[in-house]
Amino acid sequence: MTVQHSFEFAPRVKASRRNLVIEAGAGTGKTTAIVAEVLKLMLEREDLAPERIVLMTFTEKAAGEIADRIRVALEELSASDATTWPVGSPNPLVVVGDREKAQRAIAHHLENIDLLRSQTIHSFCQSLLRTFPIEAGLDPQFKIIEGFERSLLHGQLYDAWIDDETRVHPTPEIEREWETLFTHAGYLFQIRDLILQMIERRDLLDETGYDFGAFEEVEEQIIDALSAIRHTSDDIGDDLARQLFAYVRAKTPPETSDIDDWLAYLHPIATHIREANLPRHGVLKEALKILRAGNKGRSIYDRLVSHRAAMALLALTRRFLAFLDREKRQLGVVDFDDLLLRTLALLDDERVLARARAQFDYIFVDEFQDTDRTQARIIDRLARDASGQYVDGRTIVVGDPKQSIYGFRRADPETYYRLTEDLVRGGAERRLIVDQYRSDAPLLDAINAMFARLFPDAEHDPNVFRPVYTPLRAARAQARRDMDARFTLLHAEYDDGADRFFVEAQAIAEWIRANSEGDLRRFALLFRRLTKLDDYLDTLDRYGIDYVLPPTRMFLDRRAPVDLLAVLRAIAHPFDKGAQISAARTPYFALTDEEIAGGMLGAEHRVLGNDTQHPAPSTQHPWQTFKATIEQYRQAARHLTVSQLIDLIIETSNIEAIYDAAADGARHLRHLEHLRAIAFEYDQRAGGSAGQFVEEIARRRGEPDEVEPSLIDESQNAVRILSVHAAKGLEFDTVILPDLAVQPPSNELQLFTVEEPRSLVLTGRADSISANFRIAGGEKLKKLAGKREEAENRRLFYVAVTRAKTDVVFVCNHGDDVKNVGFAKCLREAIGPIDAWQSEGRDIRETLVGPVAFEKIGVVRACGAPSFQGAPEARTTPRRRLKDQDLEATLVQSDIVPLEIVTPVVAPRLTTGEIAARRAGSRNRIAGILLHRVLEHWDGRADVEPLLQQLASEVAANADAVLRVRKRLATIAPSETLQRIARAETIGREVPVRFIEEGALVERRIDRLIRENGSEVVIDYKSGIAEESRVEKDRAQVERYCRAISDITGRECSGLLWYVDLESDVAISLSRA
């Protein structure tokens, strides 16, 4: 239960403080709890400097919110006679005894509140690194890169590293590792993907005391199995078994522990081990089971090959990381991972650690359950003194382990558990906050019953964190609504698997219509995944139910972006057959599976399930046409930016017309345009290849969105639609959870640590020996990945359910293909068996969590667009896919039309000289942009250096560009043109002006408008050389600007064209208009 403290301020007596671990369940007010602790500290210590307090959070928004709430709390106590906070609360967290002393403390802290250090942990680490750059081995002016820039740099340095590995500094060992991994992975681009995935967990690669395991761990078992076969003369089993036994008896196994020797020995019998039928012979059967190291179809040979590949991958990744770190140091850049890892390494220096500890007296950490291993170690080191003991009263952490749902960004609840336990053993107070202010009491009763079952009190597992549930207590005196049940199971049964999500959406729409009473703001649809979102949105559109989606990355999982990215991936990866097939299936090409199979098989073939013979594909076969078009795009991509390539694909494929014809076409076109905007930003900021762009988008898609509450328009009468991750921190009256049976996503490659036995485990594309031959809890360590995913899925289910204030609706599908996984499994474990619904209506049943409504609504398949209120009865018709229903009906009955693709025009190949010139121009481009930005803002007199540095940061100019611009400014400064501009009065920069151009109203911007001798002068900066043809065109443009200004002011206006580049400048005056 919540422990309340009353602070009485006695003179000359310093209150004794303990470290504090606060666990606050959903809706209990974690932020309020941390604000209260800061207030107690400030009121207790009148002389405390706010900068001696460090408040760490995990988002910039949260950091600002905590600081604001502390300020507001101080202002509330200052402006009123209240002696408790929250002011007017029946359950105050702060009680003031000495009012006069408190007012002095409040006045002092309000005066200095801006010095309070409320920041993200990354920002905190950055400040330490900038304080101690030499000790950290960094450039004092280091730049932080993330997103596009980081991905591009990694790609570029990876290519340089491969060249260094394989051509510049190859060794026999390096060559063996590359050969091993290439043989295992198949393609170089797949090796690249694996290494880039590995470095995302570089925090684990730097761990000491954890390992992949070694061959010696399994060698003895293999020798025993072979010995058992050699000492038995029985010759039983099928032919493969007998051949296997004969080989083992005839061939002596290696006498060394070298894995390569053993692989050479086992290779001839690998297939026999996989496929032989186990004989009915105890000794031989057990021996074969050991050699199989798994079920039929497996073999110890496969396991050892996979381990060798894992070791090669580990070695390559570590060398790439070393290369990456060296290059980033030379470039003076760090990424967000570096901020954490370099800070942790910096704190290994005892002198630096002592100075860092001396910078502050108190550490507050909000949302502590979201910390990763590295962050937790940084906090732990700062919380201790030189003797290694925790400093009393220095550290306050607040969190809820049941809401640890950010495993994708390395949040580690096992680390949370270990550090909080260490703090408590070191004397910290553990405080539970159980007063919940969000949910009505009947709903909270149901939540308590549900999660007491899903989070049972069991013995702690050091390898899989499972929090113990503490029941919450309803702090609300009165329920918002009277309801017969707070949990509703909404029936949504379907016949055709293709209609599963459509039927769910219809059930939701009907239920909302029946229960909204005109207020749609009450409802929130929270999704575990967003890939099927369009089915739900289409249905809400048809029912006329308004909805809002916050501006997040969720659109990247929608149809139009996924289709375009599939085409880009096929262009970027010519040897990836899966990418080719995915692209061929998109609306850009619309090949059928039969056409794809026919084209890929080549010769005459028979389609499975169809006796029709198909001739070998000719050059006109759709698959060949598709391949030729992709190759044309690939050639064009060599000369185009990503956004230009996308424009070419859209133009030649006519995809916009295809989407426009779809019933949900407007949404597709919006998403397509959004992706084009991202590509344009990518070109501007990073400028990588199509493949690198696809990888960056894949990285973004792999990170579930987080949304701050302020991003959702509370005023719009519409249903809220979010992912569960995005909903954390928000609350809604009614939470609707659709698509329950979603299997938590499994990564292609998983790298994780295990505490008992201490191991580094790799599984997926390559399995370490630790994954398959080390055991915990009676199971292989690789199984722990699935257990951790299931544990996080339960925590995610908790977050989803506890967003509700009044009730929760679970949309239950009962098709044959719906599996008992994901949220559906959680629901069944909590409630018990979900029996059949009555034919129609709402049936209240007693369950393990109290009364639950089993509801089935008669669903009418809507084809028209009934309005939300007073809607006409919808017609019973099939789902509509095209705007034109007649056309859709015709196409359904028609044959597949021949594939017609407009061949893209390929840009001509550039000569070596042209390529060199363009590369030089590319290097000059950013310097030219920076030069013009400076000239637009500089008055020609003040020190230009601060402005230069500020603008260099805005345009992401590198050190070379800044140096070149600095030198050029030194030569331009005394020029007559610049001095003329400096002497004049500057009226404005980037001044918008509108005028009629070719019959249309257009808006343009004037670089600088000055007033000289009572008349206006338009200054237009131009890059490059003042060639005659160009000057004529630019002159006409500036003359239009001058006429527009003259029309506005009624005075004459002249112009000045100033061609400035890094080598020369030419000024051309224009007569008055």
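In the predicted model, the chain holds 40 helices and 32 strands, and 51% of its 1073 residues count as buried.

As a general point, the strands of a sheet pair through backbone hydrogen bonds, and the pairing may be either parallel or antiparallel.

Strand 25, which spans residues 804-813, is mostly covered, with 10 of its 10 residues buried. Strand 25 pairs in the parallel sense with strand 20 (residues 732-737) over five bridges, and within this pairing Ile 736 has Val 809 of strand 25 as its bridge partner. Strand 25 also pairs in the parallel sense with strand 14 (residues 487-492), here over six bridges, and Val 811 of strand 25 is the bridge partner of Leu 490. Strand 14 is in turn joined by four bridges to strand 27 (residues 850-856), and these two strands run parallel; in strand 27, Phe 854 is the bridge partner of Leu 489.

Turning to the helices, helix 16 (residues 336-346) is mostly covered, since nine of its 11 residues are buried. The buried residues of helix 16 include the leucines Leu 339, Leu 340, Leu 341, Leu 344 and Leu 346, and also Asp 337, Asp 338, Arg 342 and Thr 343. The N-terminal end of helix 16 is capped by Asp 335, a side-chain oxygen of which lies 3.1 Å from the backbone nitrogen of Asp 337.

A further pair is formed by helix 26 (residues 622-637) and helix 27 (residues 642-653), whose axes come within 10 Å and cross at roughly 150 degrees. Because angles over 145 degrees count as roughly antiparallel, helix 26 is described as roughly antiparallel to helix 27. The contact between them involves Tyr 633, Ala 636 and Ala 637 of helix 26, together with Leu 645, Leu 648, Ile 649, Thr 652 and Ser 653 of helix 27. The crossing of helix 26 and helix 27 is right-handed. In general, residues three or four places apart in an α-helix point the same way, because the helix has 3.6 residues a turn.

Key:
Residues numbered from 1 in each chain as written. Predicted model: local features only at pLDDT ≥ 70, side-chain atom pairs only at ≥ 80, totals over all residues. Heavy atoms only, no water. Buried < 20%, exposed > 50% of the residue type's maximum accessible area, 1.4 Å probe, protein only. Polar contact = N/O pair within 3.5 Å; in protein donor to acceptor, adjacent residues only side chain to side chain. Pairing = 2+ DSSP bridges. Axes fitted to C-alpha atoms, helices over the stretch in contact; angles between N-to-C directions. Parallel < 35°, antiparallel > 145°, perpendicular 65-115°, else oblique. Left-handed = near helix turned anticlockwise from the far one by under 90°. Contact = heavy atoms within 4.5 Å.
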